[in-house]
Amino acid sequence: QYIKLLADEYRTSRRLTDAIALQERWIELAGAQAQSSDHATAFVRLAGMYTDQRNYIRAAQAYEESLKLETNPAKQNATRLELADIYIDHTGNFPGAEALYRKYLEEGYPRDLTNLGVRERTDLRSRRYRILRNLTSIDRRSAHTDREKAGLAQARAQFLEIEAEHTKLDQ
């Protein structure tokens with residue numbers, strides 16, 4: 001526990017090299033003793049430290065390890081999105097990003113938003129819009145024009161839903 005707290009302190013004070021070393025040490029020491037979700041969270045924290053350091057390859061590796069260990073579906077989905085964003089924005093792993101985005105849309109995005117509050121609905125729709133836009137960007141790079149058109153249409157429809165929601169809030 002002390003190692004995790006010290007790693008947090010180092011990260012906060014921007015001593016990222018020391019923070020990473022301590023976080024890796026905690027992961028190593030915890031090993032089989034940690035519950036899989038705790039261990040997965042430790043890898044997410046490590047990925048965040050690598051991202052702060054702009055070491056995106058190592059951040060992606062840490063997120064990948066977290067996904068192997070995490071059992072909580074909500075946390076899996078959050079990690080999928082973080083990893084997909086690193087793939088598309090920093091490593092160029094477009095097939096990996098596409099697979100993660102599609103898995104999120106299939107498993108992590110609620111089908112019925114009617115029981116959610118306005119803010120939560122808007123956040124989810126904004127996230128879906130960003131994902132659809134990124135999927136379209138991947139398709140554009142792959143020159144799938146029919147899929148690109150369909151993706152743009154979906155993204156546009158999502159954007160219009162977001163705007164309609166904001167209009168309701170402004171009234």
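A polar contact is a pair of N or O atoms within 3.5 Å, where, within protein, one atom must be able to donate a hydrogen and the other to accept it, and where residues adjacent in sequence count only if both atoms are side-chain atoms. This is a predicted model, in which local features need pLDDT of at least 70 and side-chain atom pairs count only at pLDDT 80 or more, while totals for chains, interfaces and linings use all residues. Residues are numbered from 1 along each chain as its sequence is written, and side-chain values use heavy atoms, with hydrogens and water left out.

**Overall fold**

- The protein chain has 8 helices and 0 strands, helices being DSSP runs of H or I with at least four residues and strands runs of E with at least two, numbered from the N terminus.
- Of its 171 residues, 39% are buried, that is, under 20% relative accessible area with a 1.4 Å probe and protein chains only.
- Among contacts (heavy atoms within 4.5 Å) with a separation of 6 or more, 51% join residues 24 or more positions apart.
- The chain exposes about 10100 Å², of which carbon and sulfur atoms supply 49%, as computed by the Shrake-Rupley method with a 1.4 Å probe.

- Beyond its neighbours within four places in sequence, Y101 is in contact with L81, A84, D85, I88, R130, I131, N134, L135 and I138.

**T122 in helix α7**

- T122 lies in helix α7 and counts as buried because its relative accessibility is 8%.
- The side chain of T122 reaches the backbone oxygen of V118 at 2.8 Å.
- Residues up to four places away in sequence aside, T122 touches E165 and H166, and its C-alpha lies 8.6 Å from that of E161, 39 residues apart in sequence.

**Largest pocket**

- On a 1 Å grid over the protein atoms alone, a pocket is an open set of points where a 1.4 Å probe fits, with protein on both sides within 12 Å along at least five of seven lines, and lining residues have an atom within 4 Å of a point.
- The lining of the largest pocket includes R102, R111, R128, D139, R147 and Q154, and α6, α7 and α8 (145–170) each give two or more residues to that lining.
- Helix α7 gives the most to this lining, with 5 residues.

How values were computed:
Buried means under 20% relative accessible area, exposed over 50%, partly exposed in between (1.4 Å probe, protein chains only).
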